[in-house]
Amino acid sequence: MCGRLFVAPSKAAEALLASFGLANISLPTVNNIAPTQAVPVLFRDEEGTHMGPMRWWLHPHWSPDPPNQRFAMFNARIESLLSSKAYRDPVRYRRAIVPAAAFMEWKNEPEGKQPYYVETNGVLKLAAIWDCWKEELWSCSILTQPALGEFRAIHDRMPVSLSDELAHEWMDPRADVKALLATVKGESQQLIPRAF
């Protein structure tokens, strides 16, 4: 799931950021963002809520190795977040949202792969987790889950995308993580796929 992202300014994105106290911030226009490239991320730390670029391929803070692509960590399966050494702390303490205009997904067809441009009415609020390696590299992963409803005809997995209310719950540092994961699992904004 989700191998390319598209980001664009919009009224919906501005309203999302303003609801987190980040008024007067606009998203850049960035097309066809690939894993390992920078993606805008809404995140919270000890100093408050921020919007900033992060590498879209999580690299754990405890890793002795420099950033690499040894393990595919640009998407994180919601089913294994709490059992994964790499994801356990981020999902407890470093949750985030990637505000996207759309993402690309590919459907396997007999003639080859058919790309789909997938968007929603407004802004996609993709649940994510983040980490910081040696105060040098901020990175993130987007949460995925088994595909729901009609999207299963395109791919077997899809992102966890949140309503406005659930976006705030996801970012709440006081939330009980097990209960929170149970709440957001199976959540999806209305996705509008268009063959490309």
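Tutor: What follows is a conversation about a predicted model, in which each term is set against its cut-off.

Student: How many disulfides does the structure hold, and how do you know that cysteine 132 is in no disulfide?

Tutor: The structure holds zero disulfides. The cysteine sulfur nearest to that of cysteine 132 belongs to cysteine 140 and is 13 Å away, whereas a disulfide needs a pair of cysteine sulfur atoms within 2.5 Å, so cysteine 132 is in no disulfide.

Student: Are cysteine 132 and cysteine 140 buried or exposed?

Tutor: Buried means a relative accessible area under 20%. Cysteine 132 has a relative accessibility of 14% and therefore counts as buried, and cysteine 140, at 0%, counts as buried too.

Student: What makes the arrangement of α3 and α4 parallel or antiparallel?

Tutor: Helix α3, residues 164–171, packs with helix α4, residues 177–184, at an angle of about 155°, and their axes are 10 Å apart. Angles over 145 degrees count as roughly antiparallel, and therefore α3 and α4 are roughly antiparallel to each other. The crossing of these two helices is left-handed.

Student: Which residues meet where α3 packs with α4?

Tutor: On the side of α3 they are Leu166, Glu169 and Trp170, and these meet Leu180, Leu181, Thr183 and Val184 in α4. Sorted by class, the contact of α3 with α4 has five nonpolar residues, one polar and one charged.

Student: What is the phi of lysine 134, and how do you know whether lysine 134 is buried or exposed?

Tutor: Phi of lysine 134 is near 55°, a positive value in a residue other than glycine. Lysine 134 sits in the loop between β7 (112–133) and β8 (137–146). Its relative accessible area is 52%, and because exposed means over 50%, lysine 134 is exposed.

Student: Why is glutamate 47 called exposed, and where does glutamate 47 lie?

Tutor: The relative accessible area of glutamate 47 is 71%, which is over 50%, and therefore glutamate 47 is exposed. Glutamate 47 lies in the loop between β3 (38–45) and β4 (48–56).

Student: In strand β7, how do you know whether alanine 128 is buried or exposed?

Tutor: Alanine 128 has its place in strand β7, and at 0% relative accessibility, which is under 20%, alanine 128 counts as buried. Not counting residues up to four places away in sequence, alanine 128 touches several residues, among them Ala96, Val98, Ile142 and Trp170. The C-alpha atoms of alanine 128 and valine 98 are separated by 6.5 Å.

Student: What about glutamate 119: where does it lie, and why is it called partly exposed?

Tutor: Glutamate 119 lies in strand β7, and because its relative accessible area of 24% falls between under 20% and over 50%, glutamate 119 is partly exposed. Glutamate 119 and isoleucine 192 are 73 residues apart along the chain, while their C-alpha atoms are separated by 5.1 Å. Apart from residues up to four places away in sequence, glutamate 119 touches residues including Ala101, Leu124, Gln190 and Ile192.

Terms used: Residues numbered from 1 in each chain as written. Predicted model: local features only at pLDDT ≥ 70, side-chain atom pairs only at ≥ 80, totals over all residues. Heavy atoms only, no water. Buried < 20%, exposed > 50% of the residue type's maximum accessible area, 1.4 Å probe, protein only. Axes fitted to C-alpha atoms, helices over the stretch in contact; angles between N-to-C directions. Helix = DSSP H or I, 4+ residues; strand = E, 2+ residues; numbered from the N terminus. Parallel < 35°, antiparallel > 145°, perpendicular 65-115°, else oblique. Left-handed = near helix turned anticlockwise from the far one by under 90°. Contact = heavy atoms within 4.5 Å. Nonpolar A, V, L, I, M, F, W, Y, C, P; charged D, E, K, R; others polar.
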